[in-house]
Amino acid sequence: MSDMESFPTGDPRYLKRRVKACSLDVHPTEKALVVQYEVEATILGQLGEPVVGERKACQKIIRVKSLNSGTDTSGLAQKVLDECRLIHPSKLCEVEQLLFYLQNRKESRENRDRRRISPPDFAPYSGVELDEEANISCMDEYVELLYEEIQDKIRGATLIFQLAQNPDNLEELLHNEAALGALARVLREDWRQSVDLATTIIYVFFCFSSFSQFHGLVTHFKIGALSMSIIEHELRRFDLWQDELQKKKKAYEESPENQNLKKECEKSFRKYQSLLVKQEQLLRVALCLLLNLAEDTRTELKMRNKNIVHMLVKVLEREDEELLLVAVSFLKKLSIFLENKNDMAETSAVEKLSRLVPCQHEELLSTSLRLLLNLSFDSSLRSHMVRAGLVPKLSSLLADEAQRRLSMCVLYHISVDDTSRSMFAHADCAPQLMKMVCDCGEEKMAVELLSLCINLAADRSNAQLFCEGNGLQVLMKRALKLKDALLMKMIRNLSQHSGPTRSLFVDHVGELAAHISEDEDEEFVIECLGTLANLTIPDLDWALVLEEYSLVPYLKDRLRPGSAEDDLILEVVVLIGTMSADGSCAASLADSGIIPALIELLNAQQEDDEFVCQILFVFYHMVCHKATRDVVVKDTPAAAYLLDLMHDNNAAIRKVCDNTLDIIAEKDEEWGRRIQTKRFCWYNSHWLDMVENRQLEEPAEPFLYQVDRDFLERSDLFYTTDGTGSADGTVTPDLHSHFWSRDLVEPGHLSSTSDHLVLLDRPVSAYVFRPDEHFLCSYATAPR
């Protein structure tokens, strides 16, 4: 027990107050200590005898906003005791324990959001501080002040605001319709006359809006619509202030020797700063009130129809961090709807947000990243982010553990676009990602990290950065040890780039081949097969790989339709196509009966263009080698299939058929004539049909020239599809080499998705990881 104060009054009696029964607890949602105590007030007579006594339960909240994981709780506890006389020194250990609990307590997102917009955060601002303390029993007096002059109205509204800050008083204020009606009337009529008055009254209604059950009250008095009108007016005033300052500054710059202009310019700037502080306070509380009311989507739609998005984006030009936090939070909530997102695109919201990344205000930075994440689902806005220079800024935030996950998710979305990936090579992103991969040890890597790495590995510049030093060796070791299919997918993307990057894989061919078996996980095997299929390295001895790791039985078994998932079977076909470029390996595959198995698979998958294209590409490689050419042409119906598919609707299939048939025609005279006849009939089918139809319809009328059907056997009349060729219908090696080099870059793979034969790499986009994005979508639907 301790004496708090004793002071004389105008009366011979005097008042004496004592504090009793002090207890401590932690605040349920904030980083704060709650001190519960009783105040015993006694009025003493002239002789010191007690005349009237009263007890009142009180509460004091001690906020410790600086408390974090590195705070010295012992020192902070002592500081709390020194500054708060309500707590007895004997409670030092208890205070320290409570602070330690607060230090390690994890806050939910809902609590953090509520803390950010809770009434105690709004400290009294310059111009409305009052020395007197409001009393709920004096409400009638405060309401009467609302009918007086402006200063009296400000005083009355401020006293009511003091009461509204205590949630316990809101229920009683709710039933005082006269007070609330008077506040709404004064705000509607006099808000233009005093910023202080408007701010204070909106504060009162904001206290009500913090609780959903009071939203009907705020809506009844149309405070939301009025607040929007006030915000719109204040934004226009801000533009006028800016224009006026610019004019005076320009006038002074034109006449720098004029001291009067200088003084006037400085005076205007000081006045502008003073007005700006009050205006930003008004904007902040008005936006907070609207944000609370926007919990109802119907109310939010009304705000959208009154251009709330344009107003909020305009606010992003301000400097006040607390105002920016409210505006960005509001935009984040609105951004989950398509119409609002489109409005943000029209008003260049991304460009204005980019200046906030990074910033010193941790909560503002986090909220800005969440808004960017919501916007990054739109491809056009992702391109805005790239143009605004956000890639290097977000990459720099990967070093910040608090913002790492959000930054990585936004970067992942940007990396989905092929045109944007090259930007990452100049943003020092790949080395940081590699460091994060190494730091994971044997723990499971975050899916966001893996997804970003997979996408970036599809770009040649980033792939080189990933493989620098022993980067590839580290990735390969981790992927093979943990059997991580996603990490192997990243390695597969790295392997698709020709040059020095691909050459690094020579040392790992054996490790990859060793994991191709029925005992391994199917997804992991698919990535291993795809990685090996990308290794079109001339010096690689595929025959030795086949023999040493006994791959032929596995490959042949997997070619049976239905033996595995289609993805796995397709990768087996692609790998066989890559291996068939090696003559000795092609001979081994042909001797094992691979070609009949491929033809069976071709019949089963004839509707799938990718399967057909890759199988035909295997035939192309087979006919390139003398040892396997006869097997394809004479021992199997492969050549007949090539003739049938020569005029397929798919351009890539037509291209590989043409080039394969050219080689067959050059090396086999009989097939050469059949191929030439087929081509002649195709290109002249219209004329041949016309001749046959006319002969049937008008047999009595002779032709000017007699048509001899045997002319189809004359090889000197034939020409190739491009108008070139020798008289005997064969394609010389020189001509074939010229034709091949003209359309193709270098030998390798073929894809049915391309317009021409691409023999080195298949489209990378087929392998880029596209998860269902559940780990990202949660941000768009998070509690607001």
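Lys489 pairs with Glu527 in a salt bridge (a side-chain nitrogen of Lys or Arg within 4 Å of a carboxyl oxygen of Asp or Glu), and the closest N and O atoms are 3.0 Å apart. Lys489 sits in helix 25 (residues 485-495) and Glu527 in helix 28 (residues 522-533), so this pair ties together parts that are 38 residues apart in sequence. Helices here are DSSP runs of H or I with at least four residues, numbered from the N terminus. The model is a predicted one, in which local features need pLDDT of at least 70 and side-chain atom pairs count only at pLDDT 80 or more, while totals for chains, interfaces and linings use all residues. Residues are numbered from 1 along each chain as its sequence is written, and side-chain values use heavy atoms, with hydrogens and water left out.

Lys489 is buried, at a relative accessible area of 16%, and Glu527 is buried too, at 5%. The cut-offs, for a 1.4 Å probe and protein chains only, are under 20% relative accessible area for buried, over 50% for exposed, and partly exposed in between.

Another salt bridge links Lys435 to Asp439, with the closest N and O atoms 3.1 Å apart. Both residues belong to helix 21 (residues 429-439), where they are four residues apart, about one turn of the helix. Lys435 and Asp439 are both exposed.

Then there is Glu317, whose side chain meets that of Lys314 in a salt bridge (3.5 Å, N to O). Glu317 is partly exposed, with a relative accessible area of 33%, and Lys314 is also partly exposed, at 26%. Across the whole structure, a search turns up 32 salt bridges.

Turning to helix packing, helix 1 (residues 73-83) and helix 2 (residues 92-104) pack at about 125°, with their axes 9 Å apart. Axes are lines fitted to C-alpha atoms, for helices over the stretch in contact, and angles run from 0 to 180 degrees between N-to-C directions. The two helices are therefore oblique to each other; angles under 35 degrees count as roughly parallel, over 145 as roughly antiparallel, 65 to 115 as roughly perpendicular and the rest as oblique. On the helix 1 side, the contact (heavy atoms within 4.5 Å) is made by residues including Leu76, Val80 and Leu81, and on the helix 2 side by residues including Val95, Leu99 and Phe100.
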